Amino acid sequence: MCTISFFSLFFCSLLSFTMGMIFIMNDYSIFIEWEVVSLNSVMIVMTILLDWMSLIFMSFVLMISSLVIFYSKEYMESDYKINRFIMLVLMFVTSMMLLIISPNLISILLGWDGLGLVSYCLVIYFQNVKSYNAGMLTALSNRIGDVALLLAIAWMLNYGSWNYIFYLEVMKSNFDMMIIMSLVMLAAMTKSAQIPFSSWLPAAMAAPTPVSALVHSSTLVTAGVYLLIRFNILLSNTWMGNLLLLLSGLTMFMAGLGANYEFDLKKIIALSTLSQLGLMMSILSMGFYKLAFFHLLTHALFKALLFMCAGAIIHNMNNTQDIRLMGSLSMMMPLTSSCFNVANLALCGMPFLAGFYSKDLILEMVSFSYINFFSFFLFFFSTGLTVCYSFRLVFYTMTGDSNFSSLNMLNDEGWVMLKSMMGLLILSIFGGSMLSWLIFPSPMVIILPKTLKLLTLFVCIIGGMVGYLISNVSLFFMNKALNNYKSSYFLGSMWFMPYISTYGIINYPLIVGKLSVKSFDQGWSEYFGGQQLYYNLVKNSQLNQMLQNNNLKIYLLSFIFWVIILYMYMIYF
């Protein structure tokens with residue numbers, strides 16, 4: 001099943017990429033509409049929009065999912081139910097396709113809900129308490145976005161059709177459209193895990209690594225960004241764009257800080273995904289939707305590769321994810337380490353790798369734009385933090401001495417995993433330049449002062465040095481994290497967001513529920529309901545028993561009563 005899925009998805013990916021190239025060269029798009037049901041003037045239609053954006057994004061998703069399925073062939077080989085896993089991944093890819101090619105809110109909802117449901121099934125794949133909790137948090141966070149999308153569909157009824165693509169330009173300043181846009185923005189923020197919905201993304205790392213590589217790097221989390229790219233006309237120069245810029249900048253900053261305190265390998269990569277999502281969202285809210293799309297594609301490539309390398313390392317380390325137990329992996333696993341380092345450098349924006357083309361362009365456009373100092377600081381400081389946690393990760397995993405148990409066989413013999421990693425490695429090196437020539441055929445001229453031009457490079461070098469030197473520990477060194485325990489606890493736990501979004505929300509409803517159960521269920525309803533009924537029945541049956549005891553006194557007494565009643569009746573009537 002793995003091989004069939006791999007080849008079919010790979011073929012579809014190449015086909016859609018070729019079509020995307022033809023469409024972008026000829027500036028061509030296809031709009032297919034199928035009417036499902038018509039109610040008075042409102043038509044529910046299934047719409048497909050094929051333009052260069054949807055086709056190229058589709059080809060990337062299919063390419064990564066085919067390689068992930070190929071990778072799972074070895075990673076999940078000890079699993080008896082691997083076919084069920086592959087089916088879940090294929091269902092996920094199908095709902096993603098539905099989301100990508102829909103310019104219609106109703107067919108988008110189908111793909112959107114499909115993503116939420118299947119991602120829940122994938123997160124709880126390893127059935128233990130941690131997975132269940134993570135799955136519940138993921139599903140409930142995404143439900144907020146689903147509800148927002150349903151409300152947007154209800155508001156869209158005012159226009160007589162759900163093909164939003166027709167109304168964006170014309171109804172730009174309309175109040176109804178503003179409400180729809182704010183609801184869509186809420187939905188996108190839940191899916192792309194922006195503040196205040198960030199806590200589900202690191203929790204979802206309870207899923208198998210192939211799922212993390214596909215779902216939490218390139219598809220599910222970028223669905224929100226993609227939706228906002230489609231709605232980008234309504235974002236620029238509005239209060240919503242400004243709010244999104246603030247929130248996504250803070251998300252980027254928060255995730256960058258959190259990753260520097262984290263010791264779980266997959267959680268570090270998840271937080272770096274969150275940081276890059278913040279970058280995409282913030283550049284999108286400034287109005288540069290093509291740049292956001294460009295970074296979305298390049299990020300998908302190197303982040304999937306990073307997750308795959310992490311999976312290979314975890315697989316070899318006997319399912320250990322703690323980076324403190326790793327070290328000198330570059331000696332034991334040279335090929336995996338090479339891929340890991342290339343992906344890490346692409347994430348940092350190393351010149352001429354995939355991440356550089358998009359990230360450098362974004363930062364230069366930020367320097368070029370009219371933007372306040374706080375947002376400018378968030379952009380550049382978060383970039384420094386990205387390089388900082390990447391070098392910290394390299395320090396802990398690749399260099400130094402091995403800290404793992406000696407009776408563990410470390411090798412680089414997972415050929416199936418390595419083949420899929422090689423495919424993504426080539427894309428991570430050449431993907432950025434190839435896409436930049438495709439998406440921006442004429443070069444952008446950005447004229448900046450020398451200090452601003454070199455600021456990106458300077459921030460990256462400083463960040464890398466800080467990350468490597470802070471992690472470098474010796475025998476009598478000062479424990480910096482322990483000395484500032486409170487601040488490191490605050491920054492390392494994502495500004496307490498997981499606590500606030502779980503205990504903080506659920507605590508009061510649970511207390512109220514307990515009180516209501518105590519008062520109603522076990523209190524008054526018991527007193528007037530179950531217990532009272534039982535008490536009355538017992539009393540009545542005792543009375544009945546007494547009456548039926550054939551006692552002479554009772555007979556005489558009832559006879560006297562009967563005579564009195566008859567007498568009364570005769571007197572008064």
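1. A definition to begin with: accessible areas come from the Shrake-Rupley method with a 1.4 Å probe, and for residues only the protein chains shown count as cover. On that basis the chain exposes about 27800 Å², and carbon and sulfur atoms supply 70% of it.

2. Please keep in mind that this is a predicted model, where local features need pLDDT of at least 70 and side-chain atom pairs count only at pLDDT 80 or more, while totals for chains, interfaces and linings use all residues. Residues are numbered from 1 along each chain as its sequence is written, and side-chain values use heavy atoms, with hydrogens and water left out.

3. On overall dimensions, the C-alpha atoms of the chain fill a box of roughly 120 × 70 × 50 Å along the principal axes. The radius of gyration (over C-alpha atoms) is 31 Å, whereas a compact globule of 573 residues would have one near 25 Å, by the rule of 2.2 Å times the number of residues to the power 0.38.

4. The chain has 21 helices and two strands, taken as DSSP runs (helices H or I, at least four residues; strands E, at least two) and numbered from the N terminus.

5. Helix H2 (residues 52–75) has 24 residues and spans 34 Å between its first and last C-alpha, close to the expected 34 Å, which is 1.5 Å times one less than its number of residues.
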